[in-house]
Amino acid sequence: MSTGVENRHGIKPRDGLCVYCSLMFSAEGLHQLFSSKGFRHSTVETFGERQYCKFCSYLWNKSFFGSSNQFQNFRRLRDLVAPETLPILLHKVRVSSESWVKFTVPASSNGAWEYLSLDFPTQEGYWHPRHPLRVVASAGSLHSGLTTYRPLEWNGLNAQWAAALRSLVFKCQNRQGLHEHCQSQAMRPLPSRILYITGELGQVPKIRLHVPTMERGMREVGQYATLSYCWGGPQQLKLARDNISTFRRGGYLDKGWPQTFKDAILTTQILGLSYLWIDALCIIQDDPDDKGREIDHMCSIYENSAVTIVAATARSVHDGFLRPVNTFNETYPSCEVEVSTDNKRSGKLSFVPVHAHHTEKFPINKRGWTFQEALISPRLLVFGDLEPFLRCRGGDAISVSKSHIRYDISRIQPRRIMNRDLQSEGLRQIWPEVVEQYTLRELSFVEDRPQAIKGVIASLSHTFRESCHWGIWESCPVSCLVWQKSLESRPSSPIPGIPTWSWMSITGQVNLWHMVSLGNYKGEALVEIERSPLFDRLLLTCCVLREEEVRRDGNLGEIHHDFDIKTPTPRRSKSFLLILAKTTFNGLLAIIAGYTGNGTYWRYGLAEIKDPDKWLSKPRKRILLM
């Protein structure tokens with residue numbers, strides 16, 4: 001094949017490339033690419049004619065657009081020329097016969113070749129993909145010095161990955177580089193029970209349940225890992241009253257252990273640790289008193305851990321996480337080409353679309369109990385589907401090496417609220433975010449809703465030096481009472497045994513966005529919480545209105561019921577509105593309540609009321625809210 005490009009530059013097409021791409025990836029073409037003018041390749045529609053060229057065919061047929069936070073109906077050059085192939089057309093890009101594709105190399109701070117960008121003129125202006133292609137070279141490549149990006153090869157744990165992960169955690173523990181604010185490596189009190197692992201790496205380890213000693217009121221100290229994982233149903237292997245002595249004697253790890261436990265033990269060894277805490281094996285599962293005590297200590301267990309190993313992609317304890325079996329993020333094909341430089345060195349470079357590592361899809365982020373484990377732990381070693389990465393105070397997602405994954409466009413969940421400056425933000429800014437994230441998650445037993453967030457509450461209680469009662473904080477009780485069921489939430493139902501004034505008393509997602517919209521966070525009501533061995537009582541001094549009266553005057557605004565109207569509830573003859581606070585929108589927020597007699601009410605919703613001055617003039621009553 002002969003073209004003007006070949007005749008003018010004396011460039012012949014190389015194996016697998018057309019003459020245009022052969023020139024672009026030659027020494028002369030690289031000079032043009034790196035110049036301000038870029039490399040003028042060919043018109044858009046001709047890319048489809050050169051299917052013998054691996055790079056032209058790649059841009060024409062493959063989704064080189066990569067990940068994006070916005071929907072795009074153009075993902076390959078073919079889409080621009082033949083838009084009728086698309087199921088949805090958001091807008092049209094009219095390509096003319098003079099639409100020449102130009103390739104450029106965006107400037108980088110370190111002078112390396114990091115990206116390859118393309119654009120071309122249309123009748124609407126210049127078109128270019130949202131993210132340029134990343135330029136990737138393997139560490140042993142002749143062109144490894146041209147770019148700092150390396151191929152991502154996470155196909156499971158091997159010696160190279162083991163060393164890299166050990167180094168990643170070591171730097172964090174020793175406050176190196178990005179980690180100046182991270183929790184330092186130190187001996188900390190061990191949990192009341194913990195697995196002790198012995199044996200050389202590569203050999204079958206011996207596992208024994210260790211009960212730390214107490215001396216002068218102080219528990220034995222050490223460094224340990226914790227495991228965050230999804231149970232995925234009833235556990236075959238768990239600590240119980242009748243097998244605790246067997247676990248304390250110990251034995252060699254055998255094939256009967258679930259794969260997630262095996263992977264966690266191996267990871268613990270790789271990180272140079274000997275202790276590992278797993279809830280199913282360190283809490284006596286058939287002893288309610290022991291479970292209650294250990295749940296109360298959940299905050300210190302995770303806060304004191306050296307690292308929390310997160311089996312993010314495992315749907316159950318049997319899946320494991322060192323050999324990924326579940327895929328949640330989309331991957332995009334790359335294109336490898338031969339590139340020649342001035343010194344006549346020829347080597348391979350890969351052009352890879354930008355990838356995102358969205359973690360909200362992971363099973364671990366669907367479960368209620370794992371929420372506090374992710375927030376409280378000083379550092380998380382997360383095993384995702386694209387690669388493992390570290391989360392700590394040094395960064396929300398720190399990878400082993402620079403690759404085609406962009407964490408700045410990735411949705412990493414949950415948001416690590418505890419890493420922020422909590423004192424400067426204040427509890428009223430933080431708590432709505434905690435409640436929103438937590439109530440998005442699912443619990444196998446809805447009655448666990450108050451229990452599975454105890455660790456977060458304990459941590460915040462220590463930070464702010466105050467108490468929390470069923471999700472209501474002493475410093476801002478009125479603000480905490482203005483919760484409502486999220487509109488996007490599935491139908492909710494009441495949870496027995498929990499006060500109706502608490503957001504913990506219903507299933508489904510809850511939001512506290514009213515908390516930051518109050519004119520005065522102290523509100524227009526007086527709240528007293530009386531602790532009782534059987535039940536916490538909430539005494540409320542406020543204006544009590546009949547709902548029918550407010551509705552008749554046309555002052556009743558939006559109504560938000562706490563649960564589905566069809567849900568069976570205690571009988572009520574009339575509805576009342578218990579005024580809590582003014583809003584910045586010149587309105588009132590009130591609890592919708594039913595009356596059970598003897599000055600006692602129960603909550604079943606939240607209402608907005610207009611004309612606040614009129615209704616705040618009503619006399620106040622001191623009532624009991626159940």
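A residue counts as buried when its relative accessible area is under 20%, and as exposed when that area is over 50%. The legends below describe close-up views of a predicted model.

**Figure 1. The loop residue L322 and its surroundings.** L322 lies in the loop between β15 and β16, the latter covering residues 335-340. With a relative accessible area of 4%, L322 falls under the 20% cut-off and is therefore buried. Not counting residues up to four places away in sequence, L322 touches W154, G156 and L157, and it also touches D263, L266, T267 and F383. A further relation is that of L322 to T260: 62 residues separate the two in sequence, while their C-alpha atoms are 8.4 Å apart in space.

**Figure 2. Q269 in helix α8.** Q269 has its place in helix α8, which runs over residues 259-270. The relative accessible area of Q269 is 14%, and because this is under 20%, Q269 is classed as buried. The side chain of Q269 reaches the backbone oxygen of G199 at 3.5 Å.

**Figure 3. The nine-stranded open sheet.** Nine strands form an open sheet of mixed pairing, and their order across the sheet is β13-β8-β7-β14-β12-β15-β18-β19-β20. The edges are β13 (residues 251-252) and β20 (residues 395-399), each of which pairs on one side only. Strands of a sheet pair through backbone hydrogen bonds, in either a parallel or an antiparallel sense. Within this sheet, β12 (residues 224-228) and β15 (residues 307-310) pair in the parallel sense over four bridges, and S228 stands opposite V310 in β15.

**Figure 4. The largest pocket and its lining.** The largest pocket holds about 820 Å³ of space. Its lining consists of 29 residues, and those that lie nearest the centre of the pocket are W231, Q285, W369, F445 and D448. The elements that give two or more residues to this lining are α10 (288-296), α11 (298-303) and α12 (369-376), and the largest share, three residues, comes from α12. Sorted by class, the lining of the largest pocket has 13 nonpolar residues, together with eight polar and eight charged ones.

**Figure 5. The second largest pocket.** About 580 Å³ of space lies in the second largest pocket. Of the 23 residues that line the second largest pocket, K366, T439, L440, R441 and E442 lie nearest its centre. By class, the lining of this pocket is made up of nine charged, eight polar and six nonpolar residues.

**Figure 6. The largest cavity.** The count of cavities of 30 Å³ or more comes to three, and the largest cavity has a volume of about 120 Å³. The largest cavity is lined by 16 residues, of which V310, I364, N365, Q413 and P414 are the closest to its centre. V310 is also the β15 residue that stands opposite S228. At least two residues of the lining of the largest cavity are supplied by each of α12, β18 (380-383) and β19 (388-392); α12 also contributes to the lining of the largest pocket, while β18 and β19 are strands of the open sheet. The classes represented in the cavity lining are ten nonpolar, five polar and one charged.

**Figure 7. The second largest cavity.** About 40 Å³ of space lies in the second largest cavity. The residues that line the second largest cavity are Q173, Q183, S184, Q185, A186, R188, Q223, N304, S305, A306 and R379. By class, seven of these lining residues are polar, whereas two are nonpolar and two are charged.

**Figure 8. The whole chain, for orientation of the close-up views.** The protein chain contains 18 helices and 31 strands. Along its principal axes, the C-alpha trace spans about 100 × 70 × 40 Å. The chain has 626 residues, and buried residues make up 55% of them; L322 and Q269 are both classed as buried. Among contacts in the chain between residues at least 6 apart in sequence, 66% join residues at least 24 apart.

Notes: Residues numbered from 1 in each chain as written. Predicted model: local features only at pLDDT ≥ 70, side-chain atom pairs only at ≥ 80, totals over all residues. Heavy atoms only, no water. Buried < 20%, exposed > 50% of the residue type's maximum accessible area, 1.4 Å probe, protein only. Polar contact = N/O pair within 3.5 Å; in protein donor to acceptor, adjacent residues only side chain to side chain. 1 Å grid on protein atoms, 1.4 Å probe; cavity = no way out; pocket = protein on both sides within 12 Å on 5 of 7 lines; lining within 4 Å. Points joined across faces, edges and corners; volume = space filled by probe spheres on them. Nonpolar A, V, L, I, M, F, W, Y, C, P; charged D, E, K, R; others polar. Pairing = 2+ DSSP bridges. Contact = heavy atoms within 4.5 Å.
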